[in-house]
Amino acid sequence: MYLTVKEAAEYLSIPESKVEKMIFQRKIRAIHDGDDYLIYKDQFNTHMKQMEKYKKLVEEIMNEPVPEDIDIKDED
(Lines give C-alpha, C1' and ligand atoms only; values in the text may rest on other atoms or scores of the structure.)
Protein backbone atom coordinates (compact mmCIF):
# COMPACT_ATOMS: atom_id res chain seq x y z
CA MET A 1 0.00 0.00 0.00
CA TYR A 2 1.27 3.43 -0.90
CA LEU A 3 0.53 6.89 0.43
CA THR A 4 0.40 10.02 -1.67
CA VAL A 5 2.15 13.17 -0.52
CA LYS A 6 -1.24 14.60 0.44
CA GLU A 7 -2.14 11.56 2.56
CA ALA A 8 1.27 11.59 4.29
CA ALA A 9 0.89 15.31 5.02
CA GLU A 10 -2.55 14.75 6.52
CA TYR A 11 -1.23 11.85 8.60
CA LEU A 12 1.59 14.01 9.99
CA SER A 13 -0.50 17.20 10.20
CA ILE A 14 2.09 19.15 8.23
CA PRO A 15 1.94 20.94 4.86
CA GLU A 16 2.45 18.95 1.66
CA SER A 17 5.46 21.13 0.83
CA LYS A 18 7.17 19.88 4.01
CA VAL A 19 6.61 16.24 2.99
CA GLU A 20 7.97 16.98 -0.49
CA LYS A 21 10.99 18.66 1.06
CA MET A 22 11.61 15.56 3.22
CA ILE A 23 11.40 13.41 0.08
CA PHE A 24 13.89 15.62 -1.78
CA GLN A 25 16.24 15.55 1.24
CA ARG A 26 15.90 11.74 1.20
CA LYS A 27 14.52 11.66 4.73
CA ILE A 28 11.51 9.77 3.37
CA ARG A 29 11.86 7.27 0.54
CA ALA A 30 9.38 7.61 -2.28
CA ILE A 31 8.90 6.53 -5.84
CA HIS A 32 7.89 8.84 -8.64
CA ASP A 33 5.22 7.41 -10.93
CA GLY A 34 5.45 10.19 -13.49
CA ASP A 35 2.89 12.50 -11.89
CA ASP A 36 3.11 12.03 -8.14
CA TYR A 37 5.43 10.75 -5.45
CA LEU A 38 4.25 7.63 -3.66
CA ILE A 39 5.47 6.60 -0.24
CA TYR A 40 5.45 2.95 0.86
CA LYS A 41 3.23 2.93 3.95
CA ASP A 42 5.05 0.25 6.01
CA GLN A 43 8.43 1.85 5.48
CA PHE A 44 6.95 5.26 6.28
CA ASN A 45 5.50 3.98 9.57
CA THR A 46 8.82 2.35 10.49
CA HIS A 47 10.67 5.59 9.78
CA MET A 48 8.24 7.61 11.92
CA LYS A 49 8.57 5.15 14.83
CA GLN A 50 12.36 5.42 14.65
CA MET A 51 12.13 9.21 14.65
CA GLU A 52 9.91 9.11 17.76
CA LYS A 53 12.44 6.86 19.55
CA TYR A 54 15.25 9.24 18.56
CA LYS A 55 13.30 12.26 19.85
CA LYS A 56 12.69 10.52 23.18
CA LEU A 57 16.37 9.64 23.49
CA VAL A 58 17.41 13.22 22.79
CA GLU A 59 14.89 14.52 25.34
CA GLU A 60 16.22 12.12 27.97
CA ILE A 61 19.79 13.20 27.32
CA MET A 62 18.85 16.89 27.40
CA ASN A 63 16.93 16.47 30.66
CA GLU A 64 19.75 14.68 32.47
CA PRO A 65 21.23 16.85 35.18
CA VAL A 66 24.80 17.91 34.67
CA PRO A 67 26.92 16.11 37.27
CA GLU A 68 28.96 18.26 39.57
CA ASP A 69 32.61 17.94 38.63
CA ILE A 70 34.78 17.43 41.70
CA ASP A 71 37.76 19.01 39.94
CA ILE A 72 36.00 22.38 39.54
CA LYS A 73 36.24 24.33 42.75
CA ASP A 74 36.08 27.96 43.61
CA GLU A 75 39.72 28.88 44.08
CA ASP A 76 39.17 32.40 45.36
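Predicted model: local features only at pLDDT ≥ 70, side-chain atom pairs only at ≥ 80, totals over all residues.

Biologist: Why is tyrosine 54 called exposed?

Modeller: Tyrosine 54 has a relative accessible area of 52%. The word exposed applies over 50%, so tyrosine 54 qualifies. Its place is in helix α3.

Biologist: What makes the nonpolar surface patch, and what is its area?

Modeller: Met51, Tyr54, Val58 and Met62 make the patch, which covers about 410 Å².

Biologist: How do you know that the buried residues of α1 are on the same side?

Modeller: In α1, residues 5-12, the buried residues are Val5, Ala8 and Ala9. They cover an arc of only 100° around the axis, and therefore lie on the same side of α1. In general, an α-helix has 3.6 residues a turn, so residues three or four places apart point the same way.

Biologist: Which elements do the buried residues of α1 pack against, and what does the face turned away carry?

Modeller: The buried residues pack against β1 (2-4), α2 (16-24), β3 (37-40) and α3 (41-63). Glu10 and Tyr11, both exposed, are on the face turned away from the buried side.

Biologist: Why do β1 and β2 count as edges of the sheet?

Modeller: The open sheet has 3 strands in the order β1-β3-β2, with antiparallel pairing. β1 and β2 (31-32) each have a single partner strand, so one side of each has no neighbour in the sheet.

Biologist: What makes β2 and β3 a pair?

Modeller: They are joined in the antiparallel sense over 2 bridges. A pair needs at least two bridges, so β2 and β3 meet the criterion. Isoleucine 31 stands opposite leucine 38 in β3.

Note on methods. Residues numbered from 1 in each chain as written. Heavy atoms only, no water. Buried < 20%, exposed > 50% of the residue type's maximum accessible area, 1.4 Å probe, protein only. Helix = DSSP H or I, 4+ residues; strand = E, 2+ residues; numbered from the N terminus. Arc of directions from axis to C-beta. Contact = heavy atoms within 4.5 Å. Patch = residues over 30% accessible without salt bridge, like charges linked within 9 Å, V, L, I, M, F, W, Y side chains within 5 Å. Areas by Shrake-Rupley, 256 points an atom, 1.4 Å probe, with all protein chains shown as cover. Salt bridge = Lys/Arg side-chain N within 4 Å of Asp/Glu carboxyl O.
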